[in-house]
Amino acid sequence: MMPPWLLVIKIGGKRRVNLYLPIFLLWPLVGILWILAAIISLIQSRPHNAHRGRWHQILVLLQVVSALSGLLVEVHNSQDDVFIEFI
Amino acid sequence: MSVERRKVLDMLMNGKITAEEADRLLDKLTPTILDSTVSSPALVSQEDSPTGHATPRFLRVEVNGNDDRVDIRIPLKLISTGIKLQAMMPRGASEELESRGIDLREFSKMDTDELINALGELTVDVTGKKETVRIYCE
């Protein structure tokens, strides 16, 4: 499952905004943070053996972020147009 | 009727085989018959279709009003993984939901593939005086 690499936000109407946010630039940062968080949670939780739950939570969160690819929200009305897409 | 099937029935009619034997032979022939009929274009499964869209990938929600229009495309993967998000719900919140009769753990027991396949056949069309709502998978 490929995580989204671009977030497109377009807002029409009076204030026209076109944003192309390159999410792929955040991947290395997220990766480093994830490794650090995993190490810290592993050290902290070892005596209680609760790290499995946290690992599961981190994995679920990553899966959800990866699954965002393709999400599209489009709202048009007489005053504003909003377009948000994860590519 | 296939040639093999006719032969078995002829053999039964001529008394060469008993009814049980014919039944057994017809049972063995069934997959072959299915294989030969599946080749017709109308019965080609979606997985083998040239378009390659085997299973639905997105849930679409379209709302059309007089002046407003909302179009939402939700990846079905997001739904199947989102179900697992209940693992991240605070204990207090899940207990509160349970006290109101909502057990989110039931969602995690669901077969997500089965759910997505079922959603693929979902089509909801609601037409009101002012708005039209359409929910479908693509």
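Two strands count as paired if DSSP finds at least two bridges between them. I also reminded myself that this is a predicted model.

**Entry: the hairpin in chain A.** I started with β1(A), residues 6-11, and β2(A), residues 17-22. I found that they run antiparallel and are joined by six bridges. Looking across the pair, I saw I9(A) opposite L19(A) in β2(A). Which residue between these strands takes a positive phi? I found G13(A), with a phi near 90°, in a hairpin that has five residues between the strands.

**Entry: the other partner of β1(A).** Next I checked β4(A), residues 81-86, and found an antiparallel pairing with β1(A) over five bridges. Here I11(A) stands opposite V82(A) in β4(A).

**Entry: chain B.** I then turned to β1(B), residues 58-64, and β4(B), residues 132-137. These two strands are antiparallel as well, with six bridges between them. For a landmark I picked N64(B), which stands opposite T132(B) in β4(B).

**Entry: the whole sheet.** How many strands form the open sheet? I traced eight, in the order β2(A)-β1(A)-β4(A)-β3(A)-β2(B)-β1(B)-β4(B)-β3(B), with antiparallel pairing. At the edges I found β2(A) and β3(B), residues 123-127, each pairing on one side only. Last, I looked up the twist: from one strand to the next, the average is 5°.

Key. Residues are numbered from 1 along each chain as its sequence is written. Chains are lettered from A and ligands numbered from 1 in the order in which they are written. This is a predicted model: local features need pLDDT of at least 70, side-chain atom pairs count only at pLDDT 80 or more; totals for chains, interfaces and linings use all residues. Side-chain values use heavy atoms; hydrogens and water are left out. Helices (H or I, at least four residues) and strands (E, at least two) are DSSP runs, numbered from the N terminus. Axes are lines fitted to C-alpha atoms, for helices over the stretch in contact, and angles run from 0 to 180 degrees between N-to-C directions.
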